Amino acid sequence: MFNSMSYLHLQQYWWFLIGVLAGLFVFMTFVQGGQTLLWTLGKSEEKRDLIVNALGRKWELTFTSLVMFGGALFASFPLFYATSFGGAYYVWMAILFCFIIQAVAYEYRKKPGNVFGERTYEVFLFINGSLGIILVGAALGTLFTGGNFVVNDMHLSHWTKATYGLEALLSFFNVAFGFMLFFLARLLAALYFLNAIDDEEIARRARIVLRYESGIFLLLFLYVAGSILTMKGYAYDPKTFVVHIEAMKFLHNLLAMPAVAVTLAAGIVLLLWGLGLGIFTQSDKGIWPAGIGTVLTVLALFLLLGYNHTAYYPSLADPQSSLTIQNSSGSRYTLVAMSWVSLLVPVVLGYIVLVWRSMNRTKITVEEVESDHHHY
Amino acid sequence: MEYTDAIIWYASWPVLIYIAYRFVLLNMKHHAKMERLEEYEQQCGGAVEPKACEKF
Amino acid sequence: MHIDPSLVEWSRAQFALTALYHWLFVPLTLGLTFLVAIMETIYVKTGDEWWKKTTRFWMGLLAINFAIGLATGIIMEFEFGTNWSNYSWIVGDIFGAPLAIEGLMAFFMESTFFAVMFFGWDKVSKRMHLLSTWLVAIGSNLSALWILVANGWMQHPVGIRFNPDTARNEMVDFWAVLFNPNAYSKFLHTISSGYVLASLFVISISAWYLLRRRDIQFAKRSIMVAASFGLIVSLFNVTTGDDSARHVAQDQPMKLAAMEGLYEGKSGAEIVTFGILNPSKKVGDKQEPFLVKVAIPEGLSLLSYHRVDAYVPGIRELVYGSKEHGILSVAEKMKRGKEAVAALAAYKAAKKAGDTAQMAAAKKRFEANSAYLGYGYLKTPLQAVPSVPTTFYAFHTMVGLGTWFVLLFIVILYFTMTDTLERHRKWLWAALFSLPLGYVAQEAGWITAEVGRQPWAIQDMLPVGMATSNIVTSPVMITFWLFAILFTALLIAEVKIMTTQIKLGPVELKEDSHV
């Protein structure tokens with residue numbers, strides 16, 4: 001099956017998978033969003049424990065999605081891994097620090113003898129959910145706005161700015177992208193809590209968050225989407241691979257790929273539907289349409305970035321160094337081998353869904369948390 | 001390339017876990033008996049009818 | 001491309017620091033997951049709630065360790081990109097694959113079923129819960145498989161071809177990478193060392209309870225499980241260690257020579273079981289390499305090649321070459337390596353100019369010398385020699401301790417099965433203090449493997465000096481210190497939480513005792 005695919009099709013297949021993984025990761029950042037809502041929704045110690053435990057059953061999945069996203073990029077587009085991570089050093093390191101502190105916070109927060117006190121670990125969770133997600137968003141924003149790197153003819157790369165990636169935060173678009181993800185994570189978290197927690201007060205407050213922050217999110221989303229559709233893009237000639245700048249490249253991509261346009265539209269509609277269920281009805285199922293909508297929207301954005309002869313990581317320092325799915329990918333052999341491995345994806349998704357269903361069959365309550373010795 | 005060696009070595013991993021697990025079970029049986037030794041002596045020490053000692 | 005030497009040193013220091021911390025936590029997870037899986041199996045088979053509570057106690061300690069293992073682990077993956085950017089391009093086509101498979105095959109299994117293992121006791125059936133616990137154990141060990149396939153490949157690169165067009169190594173045989181002898185021997189030796197550490201962990205903590213005369217039954221039964229498991233896995237650990245060393249002898253003779261402090265090669269080489277190196281010894285001089293030593297004649301030849309008269313090359317022959325044994329000198333390899341580097345540049349230039357005849361000539365010249373490409377980046381032949389004292393002492397510490405653990409498991413198991421453990425308080429103390437030794441052995445093994453292969457990131461192919469990112473030194477210095485501070489703080493918290501939980505003991509079992 002994969003052996004007979006052309007090199008370009010394999011590269012497109014892998015870019016598709018990267019988009020799906022990115023979408024799943026962004027959906028799973030409801031964990032991070034929930035961490036920033038800890039004090040907004042939980043007005044007493046036991047309510048906060050309840051929230052932490054509702055998230056505590058899922059946080060490792062989000063963490064693993066991030067690791068998986070990195071691993072898949074390394075295997076399929078190693079030049080991006082080398083160029084962006086080795087160049088935008090400060091940004092990626094800052095993101096990693098935000099995730100390192102998350103990994104211990106759940107387990108150590110309530111444990112006697114945790115040295116730094118419960119509050120410190122809650123601050124860790126907050127930093128992870130706020131700064132961590134805003135930086136991830138800004139880093140994703142640079143896929144549209146570009147980075148300051150040069151790739152030489154041995155394919156070795158270096159960054160041209162001494163701020164090593166931090167300069168990305170001077171771009172209003174990148175920062176807006178970051179805050180858009182931040183608010184999206186909070187909205188998804190509110191929807192998740194409605195679905196997973198049996199507590200009237202938390203549900204009431206979650207709906208208030210949905211009502212107010214949906215507006216902020218939508219404004220940011222409109223700005224980001226509008227910018228993307230009107231901004232210039234880096235296109236390349238499929239024969240000579242010479243990169244040139246094209247006005248409204250992403251709008252052209254959208255028009256040239258109706259399937260992507262439909263995916264994007266479906267994603268946005270589902271997301272809005274999910275938010276609407278939380279705001280205007282008493283339903284607790286909003287997380288599902290909103291979650292699927294998120295995955296589809298992110299996927300569509302990635303396809304706009306990488307397909308139709310577009311540079312998915314433009315270089316501001318030297319446009320000809322820009323990365324495309326064709327010049328940055330693994331070898332044909334590796335892509336084929338990894339494509340066979342990718343057949344495991346449905347299996348993994350399958351058992352995640354089964355486990356999720358059996359773990360969330362009944363909503364979590366204060367009593368359940370209190371009665372468990374091992375609770376977070 | 002000849003991969004038989006590698007396959008045999010990799011296969012030794014589950015075998016190792018299984019053997020270690022069986023060894024634990026084997027020792028557990030003996031250990032459990034030993035834990036009940038005092039009880040055993042009380043019930044079975046000396047000339048008590050053999051039926052009382054069957055569960056040991 | 002010029003790379004600042006201080007950048008290389010700081011990048012190495014940061015990688016070493018993060019790996020050292022990560023490796024404090026991983027081995028325990030690898031083994032303790034199986035120990036709790038076995039304990040839970042006993043619970044499900046016997047239906048005895050006592051075993052459930054015992055399982056839950058050890059699982060609690062596992063969770064504390066697991067969290068910090070994740071925290072220190074995420075950075076390892078991304079550091080290949082952030083700090084070893086050239087590496088990521090030059091070998092990413094091979095190295096990325098096992099990392100991605102690790103994520104897909106192992107990490108998701110681990111993290112999904114971890115949640116069931118901890119919070120699913122009342123949510124899923126007994127059997128489903130047991131299955132989840134086993135899947136966590138298998139998942140965490142599968143992640144070790146893939147990362148050691150990647151590491152084994154760095155020590156013995158197989159299944160690849162250098163593509164001059166992309167200036168990188170490309171995978172041509174996935175199975176060769178997976179079934180690499182260096183990969184399976186490393187995998188089995190590493191996981192079994194983790195099992196040994198986990199057994200020591202359970203025995204040591206239980207010994208402490210016995211010394212304090214508390215939780216007696218809990219401690220004795222835990223020791224029974226851990227010592228039985230420990231004895232079997234430690235014997236396996238010795239076997240795989242032997243196999244691993246044989247592969248080192250074949251694929252990394254310089255590492256073997258450094259491990260053994262073997263400066264002069266010979267047939268029927270002895271093995272030094274204990275020794276103090278002569279600090280003023282230099283490669284090629286006439287000084288004795290050891291101040292003091294205890295050695296077994298012909299032992300090294302026997303262990304490395306399974307023949308008492310086999311020739312084992314020493315550091316001198318490996319550096320200066322030996323016609324008699326067909327060993328090229330490093331200087332000669334450097335010459336050929338530089339030839340390969342020049343040919344590659346010529347190929348690139350000819351390609352740019354569109355000169356196909358020149359391209360073909362340059363490619364031919366490159367291919368004739370490409371086996372020594374890595375040597376082309378060395379500055380002096382002695383750069384090819386790793387730190388002998390570090391490698392030698394690390395290796396001997398590991399082997400000595402590994403042997404001690406086998407003995408300890410035998411003795412402790414014997415006392416347990418004869419119910420005389422409490423009378424042998426000295427052995428209880430020995431068991432208690434063997435836990436830190438277990439950690440020492442772990443780090444020593446890792447130092448042997450990683451220092452012993454210097455200067456190579458990829459054996460003979462890519463020296464660490466060429467593998468870094470092209471950034472200035474200061475960002476790496478900054479993150480080095482941030483990691484040092486953060487990881488140390490987290491380690492302190494981890495140890496404190498762990499000891500607090502140990503002092504509390506198996507609380508759930510006590511709740512029962514007054515019923």
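A residue counts as buried when its relative accessible area is under 20%. By that criterion, 27 of the 36 residues in helix 8 of chain C are buried, so this helix is largely enclosed by the rest of the structure. The model is predicted.

**Helix 8 of chain C**

- Helix 8 of chain C comprises residues 216–251.
- At 1.5 Å a residue, its 36 residues should span 52 Å, and the distance of 50 Å between its end C-alpha atoms agrees with this expectation.

**Interface of chain B and chain C**

- Chain B contributes 22 residues to the contact, and chain C contributes 43 residues.
- About 2900 Å² is buried between chain B and chain C, with carbon and sulfur atoms giving 81% of that area.
- On the side of chain B, the residues that lose the most area to chain C are B:W9, B:Y10 and B:W13, which together account for 27% of what that side buries.
- One salt bridge is found across this interface: B:E35 pairs with C:R221, with the closest N and O atoms 2.9 Å apart.
- Seven residue pairs are in polar contact between chain B and chain C, counting pairs with both residues at pLDDT 80 or more.
- The side of chain B that touches chain C consists of 16 nonpolar, four polar and two charged residues.

**Interface of chain C and chain A**

- Here 87 residues of chain C are in contact with 78 residues of chain A.
- The buried area between chain C and chain A is about 7200 Å², and carbon and sulfur atoms give 74% of it.
- Three salt bridges cross the interface of chain C and chain A; one of them joins the side chains of C:K123 and A:E368 at 3.3 Å, N to O.
- Between chain C and chain A, 19 residue pairs are in polar contact, again with both residues at pLDDT 80 or more.
- The elements giving two or more residues to the side of chain C that touches chain A include helix 2 (49–82), strand 2 (168–171), helix 12 (330–353) and helix 17 (473–504) of chain C.
- Helix 4 of chain C supplies the largest share of that side, 22 residues.
- By class, the side of chain C that touches chain A holds 52 nonpolar, 20 polar and 15 charged residues.

**Salt bridges within chain A**

- Over all chains, the structure holds 40 salt bridges.
- A:E201 and A:K47 form a salt bridge in which the closest N and O atoms are 2.9 Å apart.
- Because A:E201 lies in helix 10 (residues 200–230) of chain A and A:K47 in helix 4 (residues 45–56) of chain A, the pair ties together parts that are 154 residues apart in sequence.
- A:E201 is partly exposed at a relative accessible area of 23%, whereas A:K47 counts as buried at 12% relative accessibility.
- The side chains of A:E122 and A:R109 meet in a salt bridge at 2.5 Å, N to O.
- This pair links helix 8 (residues 118–145) of chain A, which holds A:E122, with helix 7 (residues 89–109) of chain A, which holds A:R109.
- Both partners are buried: A:E122 has a relative accessible area of 3%, and A:R109 has one of 1%.
- A:E122 also forms a salt bridge with A:R119, the closest N and O atoms being 3.3 Å apart.
- A:E122 and A:R119 both belong to helix 8 of chain A and lie three residues apart, about one turn of the helix.
- A:R119 is partly exposed, with a relative accessible area of 46%.
- Through shared partners, salt bridges join A:E45, A:R48, A:D49, A:R109, A:K110, A:E118, A:R119 and A:E122 into one network.

Definitions and conventions:
Residues are numbered from 1 along each chain as its sequence is written. Chains are lettered from A and ligands numbered from 1 in the order in which they are written. This is a predicted model: local features need pLDDT of at least 70, side-chain atom pairs count only at pLDDT 80 or more; totals for chains, interfaces and linings use all residues. Side-chain values use heavy atoms; hydrogens and water are left out. Contact means heavy atoms within 4.5 Å. Buried area is the accessible area (1.4 Å probe) that two parts lose on being put together, summed over both. A salt bridge is a side-chain nitrogen of Lys or Arg within 4 Å of a carboxyl oxygen of Asp or Glu. A polar contact is a pair of N or O atoms within 3.5 Å; within protein, one must be able to donate a hydrogen and the other to accept it, and residues adjacent in sequence count only if both atoms are side-chain atoms. Ala, Val, Leu, Ile, Met, Phe, Trp, Tyr, Cys and Pro count as nonpolar, Asp, Glu, Lys and Arg as charged, and the others, Gly among them, as polar. Helices (H or I, at least four residues) and strands (E, at least two) are DSSP runs, numbered from the N terminus. The expected span of a helix is 1.5 Å times one less than its number of residues. Buried means under 20% relative accessible area, exposed over 50%, partly exposed in between (1.4 Å probe, protein chains only).
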